[in-house]
Amino acid sequence: MRVLVIGGGGREHALIWKLSQSPQVDKIYCIPGNPGIAKLACCVELDTADNAALARFAQQHDIGLTVVGPELPLVNGISDYFANQGLAVFGPSRAAAQIEGSKTFAKDLMRKYGIPSARYAAFTSAEEAKAYIREQGAPIVVKADGLAAGKGVVVAFAVDEALEAVDSMMTERVFGDAGTVIVVEEFMEGEEASLLAFTDGYTVVPMVAAQDHKRIFDQDAGPNTGGMGTYAPAPVVTESLKQQIVREVLQPTVDAMREEGCLYQGCLYAGLMITAEGPKVVEFNARFGDPETQVVVPLLQTDLLAVLQACVNGTLADMDIEWTSEAAVCVVLAAGGYPGWYQKGHAISGIESAEHQGALVFHAGTASAKGEIVSAGGRVLGVTAVSSTIAAAVDKVYAAVTDIHFTDMHYRRDIAHRALNR
């Protein structure tokens, strides 16, 4: 079978790396891809927002399955368009992708169906939002309603900080139309975890629980990012807690979406806070997490293509999905200045040396220039190591990271610190 993957970051590199191991896969195409992906797939420059052009490509190249990586094409209805053209696609419909595309949609759905989450209020008026914040006090959480590349969330520990976030999102429009509506939530105490699941709209199969590190600096200091590293399995999610999350969060959400006329097929990502009262939803994503995919997929033993096809075909209940008993840790190497302004075009060295040490190096924001691999994004590389324990994987990944260099390279040195401290 020929497979097409939409996207060009570390998540897509990890998915393609795993798909390339399937005996069913003859050839992989990626739009637009990156230099790391180009070693495994044929990369093609096309506009990922042009559904018609993407569908034409899939038809012309006899693509058996298209796998959509990023959220924006899903929210733009790529799955609907492909399905209407008779093309198999892994990823939820435009209506189902609202669970990520609109925080208000997700919060309203959870409230209606009793899915545990933080108390909230939604606002289209900055002044009304500010009045509510003054009334509630801090700490408090301010979220842009729409897509903001994982950065549209401010956890404010002072009222003034929350008011500034409202101005930033609604008045200054730092996230564009994503901040037309904002959601203000209660602050939840606990430890965060991510549990991704495969679903065909009826059956839900959880993956290995992971824990992301959103803040830019060690000890969770500084602004939020798209994710500076992750590890799996996350010990905070015990097997019994995992089953509770499936029972109280994931299955009810998939059932609720179907009840609302939004059959949800694809990967459902639940960002969770493990509170004293139990697990509560922080956010939903309508696709594989980034960088969670870089640690979850390497632990999957079952043929990934077969699992994705079962989600599309509605036969997931017939699948026996197996995972290794090992652990994986991913450290993100970022450009200096990220998540603020940063320079691009710095030459990268040491990738092959890191790979010789047994690490997986997933390209997130790279490009080719004059025969060299150069930085081309905020998050540049994701370096992943798999070993028998989290501690062993941490040692292995940081040994590999020291081989890689580019100007102003920044990374956290405490990935998996919560697991190690247990």
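This is a predicted model: local features need pLDDT of at least 70, side-chain atom pairs count only at pLDDT 80 or more; totals for chains, interfaces and linings use all residues.

Modeller: On the α6 side the contact involves Phe105, Leu109 and Tyr113, which meet Thr253, Ala256, Met257 and Glu259 of α9. Sorted by class, the residues of this contact are five nonpolar, one polar and one charged.

A second pair can be described in the same terms, since two packed helices are described by the angle between their axes and the distance between the axes. The axes of helix α1 (residues 10-19) and helix α11 (residues 304-313) come within 8 Å and cross at roughly 110 degrees, which makes α1 roughly perpendicular to α11. Here Leu15, Lys18 and Leu19 of α1 touch Leu304, Leu305 and Leu308 of α11, and the contact has five nonpolar, no polar and one charged residues.

Turning to the backbone, most residues other than glycine have a negative phi, and most peptide bonds are trans. The bond from Ile31 to Pro32, however, is cis, with omega near -5 degrees, and Pro32 lies in strand β2 (residues 27-32). Asp62, a residue other than glycine, has a positive phi near 55 degrees; Asp62 sits in the loop between α2 (51-60) and β4 (63-68) and is exposed, with a relative accessible area of 60%.

Key: Residues are numbered from 1 along each chain as its sequence is written. Side-chain values use heavy atoms; hydrogens and water are left out. Contact means heavy atoms within 4.5 Å. Helices (H or I, at least four residues) and strands (E, at least two) are DSSP runs, numbered from the N terminus. Ala, Val, Leu, Ile, Met, Phe, Trp, Tyr, Cys and Pro count as nonpolar, Asp, Glu, Lys and Arg as charged, and the others, Gly among them, as polar. Axes are lines fitted to C-alpha atoms, for helices over the stretch in contact, and angles run from 0 to 180 degrees between N-to-C directions. Angles under 35 degrees count as roughly parallel, over 145 as roughly antiparallel, 65 to 115 as roughly perpendicular and the rest as oblique. Buried means under 20% relative accessible area, exposed over 50%, partly exposed in between (1.4 Å probe, protein chains only).
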